[in-house]
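Biologist: Please take a close look at the contact between the two chains in this model. I would like one connected account of what builds it and how a single residue beside it is placed.

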Amino acid sequence: MRILFAGDEHPYSEYALKETIKLAMNTWADVTLLGVGQATNPAEDAPVGRALRGYRDTFLNSWSREDSPYILGEGKYEWVPVKNGVVEEMKVLTGRKKDFKVRLRSGAPAREILSESQEDGSDLIVLGCAKGEKCEWANSLPAPQQVVDDADCSVLLVKEQQPVTRIVACLDQGYISQESLEMINQMITIHNARLDLIGLSQNGDMEKSVYTRLIEIGDYYSDRQVEINTRLMDISGFEQLIAQEIKQDLLALWLGKKSLLSRFFSRGWVGRFVSKCPTTVLVMR
Amino acid sequence: MNKLKIMVLDDEPIVCKRLKPALEKQGYEVDTFTQSSDAMEQIKNVNYDIIITDLKMKGVDGMQLLTEAKQLSPKTEVIVITGFATMETAKESFHKGVFDFIAKPFKLSEIQEVVSRAEAKIRGE
């Protein structure tokens, strides 16, 4: 698994970093810590640069030396591309077992985060955002929502530091990817959480493919001794569910072309629900 | 150069279905198993160069298979893939001599790259 943490210098990014560390501790994923400066040439002493250095220390110091898969080994010389057609021999320190990179990019945050995730082949982007109904970054207001809307991979949007005891996954389509199921598995394991699987219907009707999938997913988790509760609800009550029921929970939403939520709600519904949700949201693809 | 033999064990058929053609395309000979008990029997009869195994399975789990495989053939490189990763299982896997530990989801390229590294180690490159 490859995890891309995208952060700035504000407290919500520290919460997201903690979630990234928790994920990395369990999965031993390859990890990139990314900061984005708005200047064209981000200086080392820019706030986000300083924050990244702090995040790097916090990340690497979270393990005892003998347990860390990210301990840097002996340096070795490698040819590194520096500009078009030019490579330079540099001494590179590599991770002992897993990759760990710290990167600073310049430009519009959402665009740079999405580019990095594509170039790196990320399986998950983790980022924080301010609490409340705005879901913003301090220096680039719409960045979190843009990343959630346009990422190719799953996105974990961390709103604040709090325990997760339940994953609430809302199924609104017949097709879901194997990767998304696996992502939920990891979240269940990391948080030792139970799973509530909600099948969304419209006016009491549920597509046969969605119902079949709901049963299959229920069986899948039961076979793996995961505590699962399956129920149905009408899509008209979905916003109320988010506002009233989600407390110490992680809300998991599937994004897909055949999503009932996409048809029922106007464009931009993901951003709207992510904003309304008071807790961490996992948007799966 | 002789083809390396790889065993893939995962109780989810879709994982075997994805990995087999991807690894065969890389030039490996691949056997897949969805029942860990069958895989356990097989390693007593066939010497695999690389074993890719899930951890959480009914009956014999991946950790037991890893232990048995390394006892039978210490040179076999074992790669663990798991959907329910914990720090303890990661540490235990490495303690038992696993070549790499990969949490799901992963991209095929990630597995292919790890298998290539395992091959390089086996061939002494």
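Modeller: What follows describes the interface first, then one residue of chain A, then chain A as a whole.

The model is predicted, and every value below is computed from it. Chain B and chain A each bring 25 residues to the contact. Putting the two chains together buries about 2,300 Å² between them, and carbon and sulfur atoms account for 52% of that area. On the side of chain B, the residues that lose the most area to chain A are Phe84(B), Met87(B) and Pro105(B), which together make up 28% of what that side buries.

The polar part of the interface can be counted as well. Between chain B and chain A there are seven salt bridges. In a salt bridge between Lys107(B) and Asp123(A), the closest N and O atoms are 3.0 Å apart. With both residues required to have pLDDT 80 or more, 15 residue pairs are in polar contact across the interface of chain B and chain A. Three elements of chain B, namely α1 (13-25), α4 (87-95) and β5 (100-103), each supply at least two residues of the side that touches chain A. By residue class, that side of chain B divides into 12 nonpolar, three polar and 10 charged residues.

Now to the single residue, Thr27(A). Thr27(A) belongs to helix α1 of chain A, which covers residues 11-27. Its relative accessible area is 0%, so Thr27(A) counts as buried, the cut-off being under 20%. A polar atom of the Thr27(A) side chain lies 2.7 Å from the backbone oxygen of Leu23(A). Leaving aside residues up to four places away in sequence, Thr27(A) touches Met1(A), Ile3(A) and Gln186(A) in chain A, and Ala85(B), Phe101(B) and Ala103(B) in chain B.

Another helix of chain A also has buried residues. In α4 of chain A, residues 143-150, the residues Ala143(A), Pro144(A), Val147(A) and Val148(A) are buried. These four lie on the same side of α4(A), because the arc they cover around the axis is only 135°.

Among contacts in chain A between residues at least 6 apart in sequence, 77% join residues at least 24 apart.

Terms used: Residues are numbered from 1 along each chain as its sequence is written. Chains are lettered from A and ligands numbered from 1 in the order in which they are written. This is a predicted model: local features need pLDDT of at least 70, side-chain atom pairs count only at pLDDT 80 or more; totals for chains, interfaces and linings use all residues. Side-chain values use heavy atoms; hydrogens and water are left out. Buried means under 20% relative accessible area, exposed over 50%, partly exposed in between (1.4 Å probe, protein chains only). The arc is that of the directions from the helix axis to the C-beta atoms. Contact means heavy atoms within 4.5 Å. Buried area is the accessible area (1.4 Å probe) that two parts lose on being put together, summed over both. A salt bridge is a side-chain nitrogen of Lys or Arg within 4 Å of a carboxyl oxygen of Asp or Glu. A polar contact is a pair of N or O atoms within 3.5 Å; within protein, one must be able to donate a hydrogen and the other to accept it, and residues adjacent in sequence count only if both atoms are side-chain atoms. Ala, Val, Leu, Ile, Met, Phe, Trp, Tyr, Cys and Pro count as nonpolar, Asp, Glu, Lys and Arg as charged, and the others, Gly among them, as polar.
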